[in-house]
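Here is a friendly walk through one protein model, meant to be read with the structure open beside you.

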Amino acid sequence: MILDLLIAVVPAVILFLYGIENFSDEVRHVAGERFRTILQNATKTSLRGAFAGAAVTALVQSSTATTIIAVGLVNAGAISFLASLGLIIGANVGTTLTAQLVAFKLTAFAPLIVIAGFMLSMIRGPYRAYGKPVFYFGLVFYSLNLISSVVAPLQDDPEVLSLLSMTDDILIAIIIGFIITNLFQSSSVTTGLIVVMAQSGLINASQALPILLGANIGTSTTGLVVSLSMNTAAKRTATAQFLFNFFGVLLFLPFIDSFSLLIEDIGGTAAQQVANAHLIFNSTCAFIFLLAIKPFSSLIMRILPQKDGEIVFVTEHVSSRLPDDIPLAASLVEQEIVHMLSICKDIFDSTLEVAEGSTDMCSRIAHLRDYIDYLRTQIMSAILILTNRDISVEEAAHVAILARVTDLSALMAHQMTSMARSFEQMNGKKITLSPESLKGIEDMAAPCRENIQFLTNVFPQMPEYIDRKMRSNDEQLRQVLNWHYKTYLIRLVAKSTSGGIFSEILFSFERIGSIIRELRKTSKTMGIPASALHMPDLIDPNSENSSEGSSEESGPKHQLT
């Protein structure tokens, strides 16, 4: 009998899984980028995030999908860890919709929904895109109807009743819910099956409740697995979802008997009681954790400390709504460029950590480089808005200089990232730098680091005394580079294994120094009248050296004397 049951039920469960997975994918496909945008815009407060998480999960019928998307957005820097908490809390509430629809026997309309989806996908026009989502939505509930028709005759079977009697043990029932959910990678499968079994009289609400608790814990394991290869912030989001579900179960366990009596008092059919228990449990947990979201987030951050600050792709000063006042709007762009330069310094410092053997910093460097590219795009968009306004020649020249500085800063970040890769290659090939080489790297890094700090501190101005100090650092870097190029030739003659990669490092320092000089010279033009400005071409990242404007300013040309 058990074998016959499995043969009948398993294909229907597979059909249910196929339907719910494809329904989720189709909804996200139809929604496109709007799906991600909704989540990004709806996380300004935890409460708004919870409503968004509930709505999106109810739409895609998968809390796992919502959680994985939230983890991905945090990993990409689109939203912060704190902003993601509301989404994952609300996702558990949204997933209760499936159970409610099944309990109220709306599954009876499943065949009509399947037919409607099929017909929509066949017609031409704007509504054709909605055909597949509607079809798979109907398929989800049609498969539950199949399961219901199979298990209904078994309510008096002694073998089945003996098997289900195991759920009287709360711990075993929780484990069963956990295993089923992990097996099918969907708590919706577990809750759907439990509601169908309650409709057929196989189990009651008190037996179903601990299985639902286990399903809630089981649904969080996918997010934990997905986050393993992601950054610390994403791991925090996945851990938060697991602990939210786990602590929620622990909170309810002491009151599970009283809760079962409450569900019975509310009334309704056995299926409705199970669906109500699922809804009340998840809603209550969401309410409690929203009230305690600050201590809860602090706990997660203590469990998973982050060495460096979280990188969230947002601007600090500019936005699509710039002030009408041109000088004020330009000052916001200048402040964002300063922010951009501070990120460049962070990349440079992290690159030097890679030189010392901390290759785990490489992923952070790549993330910061992507953040720089994002800032460049946002700054350039703001500059385009300014240039489309009625501005004077002086203001136009000023904005053009800001655009140049932005491009140079992004170019510098990419050159730093290239140098980090060179250091990573050396570590990967087990190439150890000599103490003299390490000392040389620090000697080359010191003037670059100080000049970047000068730019960050004084931009958009360039006082004469800062200009002199930066020129002095330029000369210091030039001398160190010349000495190391001589040493590099000796290594080539000696066929040193580190020679090739070390030459790339020297070139990176040379390029970084050259870009910093361009930034200094460009900053000096801020106060020059537009009629007197000569705007040099942007540095070509593919060229070996840029035009420096004068022999006094020229950087090292791989000269060996």
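## The chain as a whole

The secondary structure of the protein chain comes to 23 helices and zero strands. Helices (H or I, at least four residues) and strands (E, at least two) are DSSP runs, numbered from the N terminus. Please keep in mind that this is a predicted model, in which local features need pLDDT of at least 70, side-chain atom pairs count only at pLDDT 80 or more, and totals for chains, interfaces and linings use all residues. Residues are numbered from 1 along each chain as its sequence is written, and side-chain values use heavy atoms, with hydrogens and water left out.

Of the 561 residues in the protein chain, 51% count as buried. Here buried means under 20% relative accessible area, exposed means over 50%, and partly exposed is in between (1.4 Å probe, protein chains only). The accessible surface of the protein chain is about 25400 Å², and 62% of that belongs to carbon and sulfur atoms. These areas come from the Shrake-Rupley method with a 1.4 Å probe; for residues, only the protein chains shown count as cover. Among contacts between residues at least 6 apart in sequence, 81% join residues at least 24 apart, where contact means heavy atoms within 4.5 Å.

Helix α7 spans residues 110-122, and its 13 residues reach 19 Å from the first C-alpha to the last, close to the 18 Å expected at 1.5 Å a residue. That expected span is 1.5 Å times one less than the number of residues. Within α7, Ala110, Val114 and Gly117 are buried. They sit on the same side of α7 because they cover an arc of only 65° around the axis, the arc being that of the directions from the helix axis to the C-beta atoms. As background, an α-helix has 3.6 residues a turn, so residues three or four places apart point the same way.

Turned away from the buried side of α7 is a face that carries the exposed residues Leu112 and Met122. Both belong to a nonpolar surface patch formed by Phe109, Leu112, Ile115, Phe118, Met119, Met122, Ile123, Tyr127 and Tyr130, with about 1000 Å² of accessible area together. Patches are made of residues with over 30% relative accessible area and no salt bridge; like charges are joined within 9 Å, and nonpolar side chains (Val, Leu, Ile, Met, Phe, Trp, Tyr) within 5 Å. Phenylalanine 118 is found in α7 and counts as partly exposed because its relative accessibility is 44%.

## Helix α15

Which residues are buried in helix α15? In this helix (residues 256-266), they are Ile256, Phe259, Ser260 and Ile263. Seen down the axis of α15, the buried residues fall within an arc of 100°, so they line one face of the helix.

The face of α15 turned away from that buried side carries the exposed residues Asp257, Leu261 and Asp265. Just after α15, glycine 267 takes a positive phi of about 90°.

## Salt bridges between helices

Side chains of opposite charge can pair when their charged atoms come close. A salt bridge here is a side-chain nitrogen of Lys or Arg within 4 Å of a carboxyl oxygen of Asp or Glu, and by this rule the count comes to 14. One of them joins aspartate 349 to arginine 449, with the closest N and O atoms 3.3 Å apart. This pair links distant parts of the chain, with aspartate 349 in helix α18 (residues 326-355) and arginine 449 in helix α21 (residues 435-458), 100 residues apart. Aspartate 349 is partly exposed, with a relative accessible area of 24%, and arginine 449 also counts as partly exposed, at 24%.

Glutamate 518 forms a salt bridge with arginine 404, the closest N and O atoms being 2.5 Å apart. Glutamate 518 lies in helix α23 (residues 499-524) and arginine 404 in helix α20 (residues 393-428), so this pair ties together parts 114 residues apart in sequence. Glutamate 518 counts as buried at 2% relative accessibility, as does arginine 404 at 4%.

## A charged network and a buried serine

Arginine 520 and aspartate 467 meet through their side chains in a salt bridge (2.9 Å, N to O). Arginine 520 lies in α23 and aspartate 467 in helix α22 (residues 464-493), so the pair ties together parts that are 53 residues apart in sequence. Arginine 520 is buried, with a relative accessible area of 1%, and aspartate 467 counts as buried at 2%. Both take part in a network of salt bridges that links Asp467, Arg471, Asp474, Arg520 and Lys524.

Finally, serine 350 lies in helix α18 and counts as buried because its relative accessibility is 2%. Not counting residues up to four places away in sequence, serine 350 touches Met361, Arg364 and Ile365.
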